[in-house]
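Visitor: I am new to this structure and would like to learn how to read it. Could you take me through some features, one at a time?

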Amino acid sequence: MADNKEIVLSGIRSTGNLHLGNYYGALSKFVRLQNDYDCNFFIADLHALTTSPDPSQLHANVKNILAEYLAAGIDPEKSTIFIQSDVPEISEMYLLLNMHVGIGELMRTTSFKDKARKALGIGAPAQEGEADDEAFEKEIIGASTNKRVNAGLLTYPTLMAVDILIQKATKVPVGKDQEQHLELTRRFARRFNSFYGVELFPEPYNFDFGGKPVKVPGLDGSGKMGKSEGNCIYLIDDPKVLRKKVMRATTDEGPKEPNSPMSEPVANLFTLLELTSAPDVVQHFRDAYADCSIRYGDLKKQLAEDILAVTTPIRDRINDIMADEAYLRRVVAQGAERARERAAATLAEVRHVMGIRKF
Ligand code: TYM
């Protein structure tokens, strides 16, 4: 938390327990970053509201994620850990930044389109295109009030940009699915700076230790691992459940000829293997695939054990940490205090620049 270190910030929505996508896309990087950077990790409970969670569940989910952060190794003495709603400056700056954000650019965001389609109960487009965009816009504007797309969902990227800009973070470790939001954040920062002729906000970038941002696949053959996809391996899954999930993962009939191309479900299993297993293990199964001797059952067994080697120590700590309410409260109280200090300073600058001055 020293002044001269680069500022890192990232958050996870409190919509359930953390899964391997969250772990490899975000959490594992958080832990590695905390010795060298001014790290700030938060629980995005306001963002969770955009998908209308049950109020009683929301509170429990915040606590789960907090315990999971700590169990995975985020150290509150090295990193600032806070809950988004504990920093009211974020909400005020969200209102202010929205004055510089176009509804068109928000409506074109992929995550908005996906979630709005879900909310309205309309399927995915046959293919991306203008004609489809027009139809989609009509659907949204014409939707009856009991089938609405909430405005919070539309302005989700503004809130995420504020999370980052209010702390003046430059490094934002996130998975591949969040890169469009980061691109918007950079655009909003540039726009604000140039509109007011100031150098207030630095431009933030994803951070992946020199590698490519990851997209952790699900076990169901296609797409990414995600809570709403129902294809997750959770950090808290017990060994029996976890092994069962992995053994049930979709595969194919196996390669018929040497060096055949891989089907998507099998390539996905290899992606998971690459994330969790030692390089020689991955090579062993790659060679077995190439010469058609592979048995997917063996690969899955190995994968399940290697995932368990990562998740078991975390899982063991989660329960102990969850039981210590006083500790959890101390961590977030201290985190909120630190996060608010910088947020309040930035908000004061923003208000001043925008002409909201005190009489
Ligand atoms: P969320 O809660 O959807 O996901 C949290 C983090 O997990 C990553 N992730 C994945 N990475 C790789 N493969 C997957 N299958 C996978 N699934 C999830 C996400 O990329 C993310 O890094 N909008 C954010 C939360 C947020 C935020 C912020 C992040 C709010 N404000 C400011 C950074 C900075 C979100 O919904 O993440």
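Visitor: Is Tyr 196 buried, partly exposed or exposed, and how do I tell which?

Guide: This is a predicted model, so every value here is computed from it. For exposure, look at the relative accessible area: under 20% is buried and over 50% is exposed, with partly exposed in between. Tyr 196 has 23%, so Tyr 196 is partly exposed. Phe 192, at 2%, is buried, whereas Phe 195, at 57%, is exposed.

Visitor: What should I look for when two aromatic rings pair up?

Guide: Check the distance between the ring centres and the angle between the planes; an angle over 60 degrees counts as edge-to-face, one under 30 as stacked, and the rest as tilted. The whole structure holds ten aromatic pairs. In one of them, Phe 192 and Tyr 196, the centres are 4.8 Å apart and the planes stand at 50°, so this pair is tilted. For Phe 195 and Tyr 196 the centres are 4.8 Å apart and the planes are at 75°, so that pair is edge-to-face.

Visitor: Which residues form one aromatic cluster?

Guide: Phe 192, Phe 195, Tyr 196 and Phe 201 make up one cluster.

Visitor: What sits over the ring of Phe 209?

Guide: The charged end of Arg 32 does, 3.7 Å from the ring's centre. Phe 209 itself is in the loop between strand S5 (205-206) and helix H11 (239-247), and with 31% relative accessible area it is partly exposed.

Visitor: What can the backbone angle phi show me in loops?

Guide: Look for positive values in residues other than glycine. Phe 209 has one, with phi near 50°. Asn 259 is not a glycine either, and its phi is about 55°. Asn 259 lies in the loop between H11 and H12, and at 63% relative accessibility it counts as exposed.

Visitor: How do I read the packing of two helices?

Guide: Take the angle, the axis distance, the handedness and the residues that meet. Helix H12 (residues 264-276) packs against helix H14 (residues 296-323) at about 35°, and the axes are 10 Å apart. The crossing of H12 past H14 is left-handed. On the H12 side, the residues in contact are Val 266, Leu 269, Phe 270, Leu 272, Leu 273 and Thr 276. They meet Tyr 296, Leu 299, Lys 300, Leu 303, Asp 306 and Ile 307 of H14. By type, the residues of this contact comprise nine nonpolar, one polar and two charged.

Visitor: Is Thr 158 buried or exposed, and what does it touch?

Guide: Thr 158 is in helix H9 (residues 156-165), and its relative accessibility of 0% makes it buried. Beyond neighbours within four places in sequence, Thr 158 contacts Tyr 94, Leu 97, Asn 98, Val 101, Leu 106 and Phe 188.

Visitor: Where is Thr 155, and which residues does it touch?

Guide: Thr 155 is in the loop between helix H8 (151-154) and H9. At 14% relative accessibility Thr 155 is buried. Apart from residues up to four places away in sequence, Thr 155 touches Tyr 94, Asn 98 and Leu 106.

Conventions
Residues are numbered from 1 along each chain as its sequence is written. This is a predicted model: local features need pLDDT of at least 70, side-chain atom pairs count only at pLDDT 80 or more; totals for chains, interfaces and linings use all residues. Side-chain values use heavy atoms; hydrogens and water are left out. Axes are lines fitted to C-alpha atoms, for helices over the stretch in contact, and angles run from 0 to 180 degrees between N-to-C directions. Helices (H or I, at least four residues) and strands (E, at least two) are DSSP runs, numbered from the N terminus. A crossing is left-handed if the near helix is turned anticlockwise from the far one by less than a right angle, and right-handed if clockwise. Contact means heavy atoms within 4.5 Å. Ala, Val, Leu, Ile, Met, Phe, Trp, Tyr, Cys and Pro count as nonpolar, Asp, Glu, Lys and Arg as charged, and the others, Gly among them, as polar. Buried means under 20% relative accessible area, exposed over 50%, partly exposed in between (1.4 Å probe, protein chains only). Rings of Phe, Tyr and Trp (its six-membered ring) pair if their centres lie within 6.5 Å; planes under 30 degrees apart count as stacked, over 60 as edge-to-face and the rest as tilted. A charge sits over a ring if NZ of Lys or CZ of Arg is within 6 Å of the ring centre and within 35 degrees of the ring normal.
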